[in-house]
Amino acid sequence: MTEVRLHIYDVTNSGSDKTNSTIVQINKIFKDGIGLGGIFHSAVQVYGEEEWSFGFCEQGSGVFSCPSGKNPMYTYRESMVLGITNFSKLNVNQILQELSREWPGSSYDLLSKNCNHFCDEFCERLGVQKLPGWVNRFANAGDAAIEIAENTALRLRQAKTEIVSASKVAYRFLVGVTSSSSGGNDSPGNSNRGSPRFQAAWFKNIITTGAKPSSSSEIETQGGSGFQNHRLQNSAQTMQQNFQDPQRSP
């Protein structure tokens, strides 16, 4: 059983004195001034004089240790006790071995898997409280912003796909309607019957004559009956003339 201590540094490893000075000023304003947070590096000390943290490397584990409060890459800021762990030194070493395998240096990400995330995980396994929210707030906010941007981009792509699909369906529907209309107008039976010109002439005929114009079949029937009547009349006239003039040869 021993205490677990968190060491916090200002991130001043940019390689530019001006940039490093700006980061220190930002941390003073946003953390010391309004308590919001800043840009920090953190490490955990437990059993001994070493602190443990996580950083980027191309090969091997990203978990490393250095003398507590003396990391040469950053500017030391403060420390705080996070609680008491009930794990023995042997158990803590086993936890560190597991974390070394699970946290390769190549998996380091400034916003989603940095030193503060590692310390959170380490403290959780030690059974003590996690880091104060202000230590990693800027990284969490940046990670959330990226996630929102990615989700928005995904929704825009889905909406674009749906719009394109709907446009294709509408296009096929319009092409089908146009084809049906063209086919109906070209058929012999419907050449005049559905046209506006024919309907207007038919309506005018009703008004002027009081009857619908005869169809072609009716005209043919009427023409045939008139021809037969004409032949009957000629036959009757011939019979009457023969009766009045018996000497006329039939």
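This is a predicted model: local features need pLDDT of at least 70, side-chain atom pairs count only at pLDDT 80 or more; totals for chains, interfaces and linings use all residues.
K31 lies over the face of W134, with 4.4 Å to the ring centre.

**Aromatic pairs**

The aromatic pairs number eight. In one of them, the ring centres of F40 and W134 are 5.3 Å apart and the planes stand at 85 degrees; because an angle over 60 degrees counts as edge-to-face, the pair falls in that class. F40 belongs to strand β2 (residues 40–45), while W134 is in the loop between α3 (115–126) and α4 (137–186), so that the pair links distant parts of the chain, 94 residues apart. F40 has a relative accessible area of 5% and is therefore buried. W134 is likewise buried, because its relative accessible area of 14% falls under the 20% limit.

A further pair joins F54 and W103: their ring centres are 5.1 Å apart and their planes are at 75 degrees, so this pair is edge-to-face. F54 is in strand β3 (residues 50–54) and W103 is in the loop between α2 (89–102) and α3, so the pair ties together parts that are 49 residues apart in sequence. Both F54 and W103 are buried. These two residues also form one aromatic cluster with Y108, F118 and F122. Over the ring of W103 sits the charged end of K113, 4.8 Å from the ring centre.

**Salt bridges**

Nine salt bridges are present in the structure.

| R77 | D32 | 2.5 Å |

The bridge of R125 with E98 connects helix α3 to helix α2, so it ties together parts that are 27 residues apart in sequence. R125 has a relative accessible area of 24%, which means that it is partly exposed. E98, at 33% relative accessibility, is also partly exposed.

R77 forms a salt bridge with D32, and this pair links distant parts of the chain: R77 is in strand β5 (residues 75–85) and D32 is in helix α1, 45 residues apart. D32 counts as partly exposed at 48% relative accessibility, because the value lies between the limits of 20% and 50%. A network of salt bridges links D10, K31, D32, R77 and E78.

**Surface and overall fold**

I29, F30, I34 and L36 make a nonpolar surface patch of about 360 Å². F30 lies in helix α1 (residues 17–33) and counts as partly exposed at 31% relative accessibility. The chain exposes about 17000 Å², of which carbon and sulfur atoms supply 55%. Buried residues make up 24% of the 250 residues.

The chain has six helices and five strands, arranged along the sequence in the pattern β-α-β-β-β-β-α-α-α-α-α. Of the contacts between residues at least 6 apart in sequence, 67% join residues at least 24 apart.

How values were computed:
Residues are numbered from 1 along each chain as its sequence is written. Side-chain values use heavy atoms; hydrogens and water are left out. Helices (H or I, at least four residues) and strands (E, at least two) are DSSP runs, numbered from the N terminus. Buried means under 20% relative accessible area, exposed over 50%, partly exposed in between (1.4 Å probe, protein chains only). Contact means heavy atoms within 4.5 Å. Accessible areas come from the Shrake-Rupley method with a 1.4 Å probe; for residues, only the protein chains shown count as cover. Rings of Phe, Tyr and Trp (its six-membered ring) pair if their centres lie within 6.5 Å; planes under 30 degrees apart count as stacked, over 60 as edge-to-face and the rest as tilted. A charge sits over a ring if NZ of Lys or CZ of Arg is within 6 Å of the ring centre and within 35 degrees of the ring normal. Patches are made of residues with over 30% relative accessible area and no salt bridge: like charges are joined within 9 Å, nonpolar side chains (Val, Leu, Ile, Met, Phe, Trp, Tyr) within 5 Å. A salt bridge is a side-chain nitrogen of Lys or Arg within 4 Å of a carboxyl oxygen of Asp or Glu.
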